[in-house]
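This report describes selected local features of a predicted model.

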Amino acid sequence: MSVRYSLKGDEEDEGYWNQKEKRQNFFDDADDENEIIDWTGTRIEEFTGSQVTSARGTNKNASFTKPSRPVEIANNFPKTGEKISKPSFILTTSSETVGTKNLSKPTSSSASSLESAVKRDSKLSHTEVSKLYAEVTSLKRKLQSSERSRWDAPKVSDTIIRMVMGEPFSLEMYKSLPDKLTLLDSAIEYHDGNSITAIVLFLKKTLKNSIFISELRKRPVAINHYAVYLRSMGDEEVLASQLQILGRKEEAAMCRYRLTLQESSPQARYQSMKKCTDSYFEGSKILHRETVLLREQCSLLNKQILIEGADSKASRERKPPFADCPKEAELYFLPLITTLYYCCKYHFNQSQSSISSPESLVKEFNMSEKQYVMTAAKACANQRKWADLDTLLAPKKWIMKTKKPTVGFDRIVGILLKAKAPNDILQKYMLMMDDTTKRLETAKKYKIHSVVIETLKQMRDLRGLQNYRTEVTYGSSEDIQLQTLLKNTSIKWKT
């Protein structure tokens, strides 16, 4: 059906009818879907022609009612933040009106607020606008500068303080060599070991090795902290090489020596120790004494390897002396005095030309006669080889240019007492003690009655003999000896 649209108001206005025709054409184009369009061209509502006519009946002529003044439409626009409501139009036929709500009139407050905003903005002068533009430009520059400076390295002092205080820090932003060295020098001035170590490791990672070594040599404090760090990490190999390069030859030598002691194989330790002596100790004036001792240690280890090889084979084949005295432990890595005890225990009577002879060991390592006699006496006493002990303590063994023994017999008696030697052996060597007072005390303590009686006789102590009668068993050999001395009138006793 055809519908006629009309607007109520100033219909006689010619311009108005021109607009009417344009809008008539617009709505004719949209008539297929029967849409309602507002003045801005926005769709308001959809409805069919049957819905329009159902309310008021069928009327082919419908029209829109135009607002009284077009300016009111502009004033009726919602302000910022207000909820937009759909404006309604009045749809009428030729005789009756069919439509929705009327357009609400704009309030005076909304119009005044818009006008006040325009007036307020219009009061800005050209100078004020220029200042605003200048301020915006300045803020943009500051923002760009801040973006660029976020990757710039902070002050060295600020970074060091953060390191000392335990706060988060970064060293990666320091690219130049002077900045890195300034970091290290500042940390040394603060005497903070953790900071020094962290910066040294940073330099190690970011500098060439030649530059790193050259600069570190100028700072002994940094070398100390670097060495402590490597030692705490257990990397002795790197520590030894780094100390050698940094000019700390003595420290590098001792570090390398500690590495040789970690070798568990005797042959490997011998080779490593020999290499360490030639490469690190030899030629050092400061380590001259240590070099001599290390060479002796290498010789001793080599001798132990040779002796142990031969003795292990003899022990497996049950050959003397291991047939009667089984081998208890290996000889590797034992001290010199223990090696001498081993040789005295199993190879006491071998000739000096033999590699396992005790005398050859004493001669090679320049041991004293006192060391040899004491060690050999312990070996013979523990093995209960009293004949070998007599041979050891014979005058040709211990008498030198003077006619005094190298080792006092009180020391020998002490060894025999620990080995629980029989009384006849104790008596024999107690009587050789020079100090009669000490001999008497020792004999009384261990109840060697014959030695007590003989010592009192030498001291011509008649009262001591008489008092000692209560200590011996009546009728024993010691009691008979005591009675005989008391009856001897030829002895001049002390009064």
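## Helix 6 and its cover

Helix 7 (177-190) and helix 8 (193-206) are among the elements that cover the buried residues of helix 6. Those buried residues are Val156, Thr159, Ile160 and Met163, within a helix that spans residues 156-164. They lie on the same side of helix 6 because the arc they cover around the axis is only 100°.

Just after helix 6, glycine 166 adopts a positive phi of about 80°.

## Arginine 219

Arginine 219 is found in the loop between helix 9 (209-217) and helix 10 (220-232). With a relative accessible area of 12%, arginine 219 counts as buried, because the cut-off for that class is under 20%.

When residues up to four places away in sequence are not counted, arginine 219 touches Leu181, Leu184, Asp185 and Ile188.

## Lysine 457

Helix 23 (residues 449-459) contains lysine 457. The relative accessible area of lysine 457 is 32%, and the residue is therefore partly exposed: the value falls between the limits of 20% for buried and 50% for exposed.

Lysine 457 has contacts with Leu485, Ile491 and Trp493, again leaving out residues up to four places away in sequence. Leucine 482 is 25 residues from lysine 457 along the chain, and the C-alpha atoms of the two are separated by 9.5 Å.

Definitions and conventions:
Residues are numbered from 1 along each chain as its sequence is written. This is a predicted model: local features need pLDDT of at least 70, side-chain atom pairs count only at pLDDT 80 or more; totals for chains, interfaces and linings use all residues. Side-chain values use heavy atoms; hydrogens and water are left out. Buried means under 20% relative accessible area, exposed over 50%, partly exposed in between (1.4 Å probe, protein chains only). Helices (H or I, at least four residues) and strands (E, at least two) are DSSP runs, numbered from the N terminus. The arc is that of the directions from the helix axis to the C-beta atoms. Contact means heavy atoms within 4.5 Å.
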